Amino acid sequence: MAMDPRQVVAGVLTVTMFVMLGNMIKRDHFDSLQVNDSEIPSLHDSTKASEQSLVTLPDGGADAPWKKDGSTLKPCWTKPVLEEVEQSQGFVTFSFTNGPEYHVSQITDAVKVARYLRATLVLPDIRGSKPGDKWNFEEIYDVEKLVKSLDGVLKIAKHQPSKISTRNLAVVKVPNLVTEEFIAENIEPVFRTKGNIRLATYFPSVNMRKTEETSKIDSVACMAMFGSLNLQPAVREVVDSMIERLRTLGRKTSGRFIAVDLRVDILEKKGCQGSGTSRSKSCYGPQEVALFLRKIGFDKDTTLYLTQSRWDSSLDALKDFFPKTYTKEGIMPADKKEKFLDSEASELEKVIDFYISTESDVFVPAISGLFYANAAGQRIASGRTQILVPAKIPGSSASSGDFMSHYVTKRNHFAYSCFC
């Protein structure tokens, strides 16, 4: 029986349609979702991700990895007032050293010691990591705001009295988060004998976990750590302009951006490019951070800010995954670079990094240490709890919520003794 040509054409079209549909379904379900680790560049593979044409990582929806911050906390403490008793004639002096993450702890311990001794606290100078690097307090921090925040709590001298010789000051070592018991037993006797002392804070531990001693509300420590230090206007202006620039660059993600504490010199010192289990690793390199962020759902339009001052070729692996990755030199206003970047004023650079890290939408500490601990504390205090700690993820994807900092999930940061 002769077949109608129209039936032949219809049959061919029908078969073709089913083949095309099958291919579409196959691509949609397998190419985009089934991703093996073998397709992703190894952590020790120098091949750039952009050269791996078959690599497809889960992007998710635009808001998939961006979680909401926790509820805003309120201070649990009340401002302590100095009792009407005879004020000591002695002075407590100290210096800010090593960077803003240390300054937060150093001001806390100094205020606590001076108040306990009823001594006058002399505002610190600021010393950098290089010999000769020295700044006045007011060059970085707001003097008037600090004095106002501590008004009634203790007496403050903006400058060291000329009658006090630095050479004659008794130097006393103070552990971070010093207790009143330690002050009474180890510092007060020296102060009563010498009349004036100079504090040198040391850090038995660089984490800020609550302990049995620090879990109780300490109004003086809380107020000093979270209410005394503010950037002076010129420095604050630079930080604000850089944050505004990052939010503009992140318009495809509703103005949001991630700050990553990743400094090449520290990575090299710690040997962070090597292998190791997630639990034993104290830092993560650029490619490890890139893979971590992609696997938890951040896509190529995500804007990243790195605490590395200037671009280094080792960061290319990160930029291959996230083209919108910037260091200070890429987003700092041109008229500010001479003072804040080109002058090699490393202390100013550290301050900018610290405050951007405390105010970003997400903070990723690629390096363990006090920067992470105290940045986390400032973020918790302001309700910015999106702190994601890198890890090696064995599968192709995971939820960003699974990598939230223990400081937040376990509420074990000292900040939770001050805010509730």
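Leaving aside neighbours within four places in sequence, which residues is S405 in contact with?

Author: Quick ground rules before we start. This is a predicted model, where local features need pLDDT of at least 70 and side-chain atom pairs count only at pLDDT 80 or more, while totals for chains, interfaces and linings use all residues. Residues are numbered from 1 along each chain as its sequence is written, and side-chain values use heavy atoms, with hydrogens and water left out.

Now to S405. Setting aside neighbours within four places in sequence, S405 is in contact (heavy atoms within 4.5 Å) with Y372, I387 and V389. With Y372 there's also a polar contact, side chain to side chain, at 2.7 Å. That term means a pair of N or O atoms within 3.5 Å; within protein, one must be able to donate a hydrogen and the other to accept it, and residues adjacent in sequence count only if both atoms are side-chain atoms.

S405 sits in the loop between α13 (370-381) and α14 (406-409); helices here are DSSP runs of H or I, at least four residues, numbered from the N terminus. S405 counts as buried because its relative accessibility is 0%, where buried means under 20% relative accessible area with a 1.4 Å probe, protein chains only.

Two of those contacts, Y372 and V389, turn up again at the second largest pocket: along with K281, P390 and H406, they lie nearest its centre. A pocket, on a 1 Å grid over the protein atoms alone, is an open set of points where a 1.4 Å probe fits, with protein on both sides within 12 Å along at least five of seven lines; lining residues have an atom within 4 Å of a point. The second largest pocket has a volume of about 460 Å³, the space filled by probe spheres set on the points, which are joined across faces, edges and corners. Nonpolar covers Ala, Val, Leu, Ile, Met, Phe, Trp, Tyr, Cys and Pro, charged covers Asp, Glu, Lys and Arg, and the others, Gly among them, are polar.

For context, the largest pocket has a volume of about 740 Å³ and a lining of 28 residues: 8 nonpolar, 8 polar and 12 charged. α13 is one of the helices that each supply at least two residues of that lining, though the largest share, 5 residues, comes from α7.

Key. Buried means under 20% relative accessible area, exposed over 50%, partly exposed in between (1.4 Å probe, protein chains only).
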